Amino acid sequence: MTVVTDAELAAEAASGNPDAFGRLVERHAPAARRVARLFLQDGDDADDAVQDGMLSAWRAIDRFDTGRPFRPWLLRIVLNSARDLRRRRVVRRTEQLPDSQASRTPGPEHETDRRLLRARLDAALATLPERQRVAVTLFDAEGYPHAEIAALLGVPEGTVRSDVFHARRALRKELAPFLEEVR
Amino acid sequence: MIGHDPFDAQPDAALGRLLREHLDAGDDGAFVARVRGMLASERDTSWDVLTRWARPGLAAAASIAVGLGLWLALAGNPEPSATLADAIRPAGAPATVLAGAQAPSSESVIGALMVDR
């Protein structure tokens, strides 16, 4: 069975086929939702942002250059939606902060608990500058190449490598016991 | 953890897995179905807007076309450029009789008419 490329689906979508765009959503929604969560630190807000981003991309699909990769184009739109939403909901996020602060100091008896891992990850990610968080997630969790991340974030590729390096170092230190378990 | 080159160009599978699991919202199928539904309704909405705009647009275009047609018809069929002299001139009377600045004498009028006969 031939795999239809993103560019082919995007071209079909640009001719007004919502089903073709729906297939692109299906391909890229999981990664887009994860990255939006990094920005918004709230699952519902992240989904709202991804949904808004997807609809914006659908409205602009006829302006997409099919000679270029689709994934960074879509993710850039989603990230812009996430940033817009975060600006609008900054007060709500501030109110949520005490909960995540409290979850940073769980007792040692729950070392293996999933909640501890979650708390550790939250805490570790919170210490990272936003660009490092996004760079390491896109690189290690989503498998994006450095060049694509650089294009997406609008920074040189060397900056992305450096961001991934610093973020990894911090995360590996914080998550050492958990990483040993999953390796 | 030890032995991992921080500048390694390969993704760290273990770290990546932890991050993915941590950030995974779950139920991607339901999310995608919701967005697909919105795409369809977005398309419907766009067509509705176009349709709403199309009706008055077509009416305006038709009115403009009718007006333009009338104007062109009138412009292509101008009124005859008749002068006062043409209107009052008896058939066959030479224009010279009426073109002068002075009123013609009765002899010249009768003479001109007699010549034409």
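1. Interface of chains B and A. In this predicted model, 26 residues of chain B are in contact with 38 residues of chain A; two residues are in contact if their C-beta atoms, placed from the backbone, lie within 7 Å. On the chain B side, α1 (13-23) and α2 (28-76) each give two or more residues, and α2(B) provides the largest share, 10 residues. Helices here are DSSP runs (H or I, at least four residues) and strands likewise (E, at least two), numbered from the N terminus.

2. The side of chain B that touches chain A has 16 nonpolar, two polar and eight charged residues. Ala, Val, Leu, Ile, Met, Phe, Trp, Tyr, Cys and Pro count as nonpolar, Asp, Glu, Lys and Arg as charged, and the others, Gly among them, as polar.

3. Chain A. This chain has 10 helices and zero strands. Of its 183 residues, 37% are buried (20 or more other C-beta atoms, placed from the backbone, within 10 Å of the residue's own).

4. Packing of α2(A) and α4(A). Helix α2 (residues 18-40) and helix α4 (residues 70-88) of chain A pack at about 40 degrees, with their axes 10 Å apart. The contact has 13 nonpolar, one polar and three charged residues, including Leu24(A) and Phe39(A) of α2(A) and Leu74(A) and Val78(A) of α4(A).

5. Basis. Residues are numbered from 1 along each chain as its sequence is written, and chains are lettered from A and ligands numbered from 1 in the order in which they are written. As the model is predicted, local features need pLDDT of at least 70 and side-chain atom pairs count only at pLDDT 80 or more, while totals for chains, interfaces and linings use all residues.

How values were computed
Buried ≥ 20, exposed ≤ 12 C-beta atoms within 10 Å, placed from the backbone. Axes fitted to C-alpha atoms, helices over the stretch in contact; angles between N-to-C directions.
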